[in-house]
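I am opening a notebook page on this protein and will write down what I looked up, entry by entry.

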Amino acid sequence: MMEFFTPEALSALLQVIMIDLVLAGDNAIVIGLAAAGLPKEQRTKAILVGIIAATVLRIGFALATTQLLQIVGLLLAGGILLLWVCWKMWRELRTPHHQEEEASEALEETDFNKDGTIAGGAPRKTFAQAAWQIVIADVSMSLDNVLAVAGAAHEHPEVLIFGLVLSIALMGVAASFIARVLNKYRWIAYVGLAVILYVALEMIWRGGIEVWGEAQAFMPVLGN
């Protein structure tokens, strides 16, 4: 238990908490944007389905990813994938403010901009279209979250477990609130992006050393 309070573990813990907060809010915004074009009764259903699906997917990916990252080469691949996540997050942070405002309105059924409608400017869509967008986003972002947490918490299993439990709890309980906070205080999202970029580069570095070590061990075998 004392290992949880070492400087290295506390540093990993802070990274994990920031990653969880930012990615839970980011996931919720994407769900809100997908559901914003639906009528009220369908919108609530789509958001609920999206948050439940994201929670379940995080549990499933957590069980698989922590084992898969032990395979040589997958740590490097995971780091490269997280680089793509950083690029995607950067683009999402450049999203026009009114779109994220519509997502927040859809998530909380509140007319924040006082225009007399809730997500009134969002393009109309069918429930099937919204559900499909939400499922694709949930699969991608749940895997991103688990990979980032696993990468940040390396060699600290207690931090990894805490991070995964926190990720699941945030999606199930506080995702819409976090999304609104991130929409209001954008600098928090940029700090989270910087943390994820750091984790991605560290994973690429450690994964590259791991692959290089295996390649050097394999070379004498080829020589024989």
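**Entry 1: Leu-182**

I began with Leu-182, which counts as buried because its relative accessibility is 7%; buried means under 20% relative accessible area, exposed over 50% and partly exposed in between, with a 1.4 Å probe and protein chains only. Leu-182 lies in helix H7, where helices (H or I, at least four residues) and strands (E, at least two) are DSSP runs numbered from the N terminus. I then looked for its partners, leaving aside neighbours within four places in sequence, and found Leu-182 in contact with Leu-21, Val-22, Gly-25, Asp-26, Ile-188 and Ala-189, contact being heavy atoms within 4.5 Å. For one of these, Gly-25, I noted the C-alpha separation from Leu-182, which is 6.8 Å across 157 residues of chain.

**Entry 2: What I am reading**

The model is predicted, so I keep in mind that local features need pLDDT of at least 70 and side-chain atom pairs count only at pLDDT 80 or more, while totals for chains, interfaces and linings use all residues. Residues are numbered from 1 along each chain as its sequence is written, and side-chain values use heavy atoms, with hydrogens and water left out.

**Entry 3: The whole chain**

I counted elements next: the protein has 8 helices and 0 strands, and from the N terminus on they run α-α-α-α-α-α-α-α. Of its 224 residues, 44% count as buried. Among the contacts with a separation of 6 or more, 84% are made by residues 24 or more positions apart. The accessible surface comes to about 11,600 Å², and 71% of it belongs to carbon and sulfur atoms; such areas come from the Shrake-Rupley method with a 1.4 Å probe, and for residues only the protein chains shown count as cover.

**Entry 4: The core**

Which residues have the most contacts inside the largest nonpolar core? They are Ile-19, Leu-82, Met-89, Val-159, Met-171, Ile-196 and Val-199, in a core of 52 residues; I take a nonpolar core as a set of buried Ala, Val, Leu, Ile, Met, Phe, Trp, Tyr and Cys residues joined through side-chain atoms within 4.5 Å. Helices H1, H2, H3, H5, H6, H7 and H8 each supply at least two residues of this core, and H1 gives the most, with 14 residues.

**Entry 5: An aromatic pair**

I searched for rings of Phe, Tyr and Trp (its six-membered ring) with centres within 6.5 Å, where planes under 30 degrees apart count as stacked, over 60 as edge-to-face and the rest as tilted; the count comes to 1 aromatic pair. The rings of Trp-90 and Tyr-190 have centres 6.0 Å apart and planes at 70°, so the pair is edge-to-face. Because Trp-90 lies in helix H3 and Tyr-190 in helix H8, the pair ties together parts that are 100 residues apart in sequence. Trp-90 counts as partly exposed at 36% relative accessibility, and Tyr-190 counts as partly exposed at 29%.

**Entry 6: Lys-88**

Is Lys-88 buried or exposed? Lys-88 is buried, since its relative accessible area is 17%. Lys-88 is found in helix H3 and, not counting residues up to four places away in sequence, touches Ser-140, Met-141 and Asp-144.
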